[in-house]
Amino acid sequence: MTKKIKLFDPSIDQSEEKAIIKVLQSKFWASGSGTGNVKIFENKFKKYVGSTDCVAVNSGTSALNLALSLMDIKNKEVIVPSLTFVSTIHAIKLNGGKPIFVDVDEKNLCIDAEQITQSITDKTKVILPVHFGGMPCDLSKIKKICKDYDLTRIEDAAHASGSTYKNQKIGKHSSAVCFSFHPVKNLAMPTGGLISLNGKSSKKFKKILESRRWCGITNRHDSFYDVQEMGWNYYMNEFSAAIGIIQLKKLDKLNIKRKKIAKLYSKKINLEQKMIFDENCSYHLYWIRVKNRNQFRKKMNQIGIETGIHYRPVHTFSMYKTNSHLPVTEKVGNEIVSIPIHPNLSNDQIYKIIDAVNEFS
Ligand SMILES: Cc1ncc(COP(=O)(O)O)c(C=O)c1O
């Protein structure tokens with residue numbers, strides 16, 4: 001029987017195995033103070049993206065929760081796309097803010113920067129763009145809006161490890177940029193996330209975040225410490241960090257493989273509605289749009305090709321139902337399908353996917 005083609009598949013080799021065993025045997029598996037591999041990973045990631053500081057945490061969700069906690073958004077509005085994973089929006093709610101959904105641009109499925117200003121009110125505090133599938137948002141336009149209206153920008157870069165915008169890595173362009181290192185992501189860990197900080201408040205923010213990621217603990221000397229505010233158990237463990245150090249070394253190489261596949265898909269797939277090719281994109285996802293999605297996915301599955309749906313728009317969930325009318329998001333939400341694009345795909349598998357999409361869509 002031919003092997004199933006997985007939608008996601010982390011790229012690992014013996015280096016990750018060795019690193020895991022080393023941590024296991026050291027018996028130093030985790031520390032709220034973020035020493036050991038966690039610190040090494042933070043420093044390497046900071047150098048990689050060129051940001052001022054980095055704080056590692058245990059997931060992309062925690063990264064978003066903590067980044068938003070810096071901005072005092074209680075009873076304030078945060079402008080965000082609805083086409084995202086639900087934790088982007090939960091993070092706003094958890095911090096007492098109100099998500100204001102703005103439609104996405106049909107070309108790249110990132111927030112439509114042209115439509116942002118009409119949603120700005122005197123309660124707006126933050127714009128939270130999501131680099132969808134790894135495709136960088138129009139940060140120049142969003143930056144200008146933030147400047148004109150005195151708003152803060154926090155990026156959801158869960159899909160964008162290794163993506164670039166204007167020759168600089170994503171992670172360098174906003175006050176806080178939140179990454180996810182969930183096992184399906186381009187930089188994979190068992191679980192992990194990170195906040196990349198830029199600008200004049202970075203040092204201050206880093207200190208606050210380091211305390212909030214570990215139960216509010218601060219001013220620690222030996223076994224003595226103080227707690228001045230609420231914090232969570234959000235710190236990254238040593239196994240994740242050790243794997244992350246190795247994955248980071250390989251990231252650009254792995255992303256080149258993803259880009260090659262994306263280039264082929266964008267040329268050979270005979271669908272009008274599909275992800276465009278852009279060198280700046282890390283291609284965490286490759287999306288296509290098909291009219292008869294259930295039937296299409298069923299047929300793909302029958303010949304051993306996994307597909308996924310990223311995402312059901314958040315404003316259609318019971319918890320977040322609003323009067324928002326987001327025509328592009330809603331249409332895309334009914335048609336979007338993710339097809340495999342990970343670096344472990346063989347040439348034969350890539351062509352099998354292309355042929356199957358062309359036949360079944
Ligand atoms: C756009 C987006 N934001 C945030 C997250 C949350 O990341 P994590 O699963 O690491 O908590 C994800 C994860 O899938 C995501 O896709």
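1. A polar contact is a pair of N or O atoms within 3.5 Å. In this predicted model, an oxygen atom of the ligand lies 2.8 Å from a polar backbone atom of G60, while a nitrogen atom of the ligand is 2.7 Å from an N or O atom in the side chain of D156. A ligand oxygen atom is also found 2.8 Å from an N or O atom in the side chain of H159.

2. Of the 390 Å² of accessible area that the ligand has on its own, the protein covers 90%. Helix 3 (60-69) and helix 4 (86-94) are the elements that give two or more residues to the shell around the ligand, and the largest share, 3 residues, comes from helix 3.

3. The ligand is surrounded by 17 residues, and the closest are G60, T61, D156, S180 and K185.

4. Turning to the aromatic residues, a search of the whole structure finds 14 aromatic pairs. The rings of F41 and F181 have centres 5.4 Å apart and planes at 90°, so this pair is edge-to-face. The pair links distant parts of the chain, with F41 in helix 2 (residues 36-49) and F181 in the loop between strand 8 (176-180) and strand 9 (193-197), 140 residues apart.

5. For W232 and Y234, the ring centres are 5.8 Å apart and the planes stand at 15°, so the pair is stacked. W232, at 33% relative accessibility, counts as partly exposed, whereas Y234, at 12%, counts as buried.

Methods: Residues numbered from 1 in each chain as written. Predicted model: local features only at pLDDT ≥ 70, side-chain atom pairs only at ≥ 80, totals over all residues. Heavy atoms only, no water. Near = heavy atom within 4 Å. Polar contact = N/O pair within 3.5 Å; in protein donor to acceptor, adjacent residues only side chain to side chain. Areas by Shrake-Rupley, 256 points an atom, 1.4 Å probe, with all protein chains shown as cover. Helix = DSSP H or I, 4+ residues; strand = E, 2+ residues; numbered from the N terminus. Phe/Tyr/Trp six-rings, centres within 6.5 Å; stacked < 30°, edge-to-face > 60°. Buried < 20%, exposed > 50% of the residue type's maximum accessible area, 1.4 Å probe, protein only.
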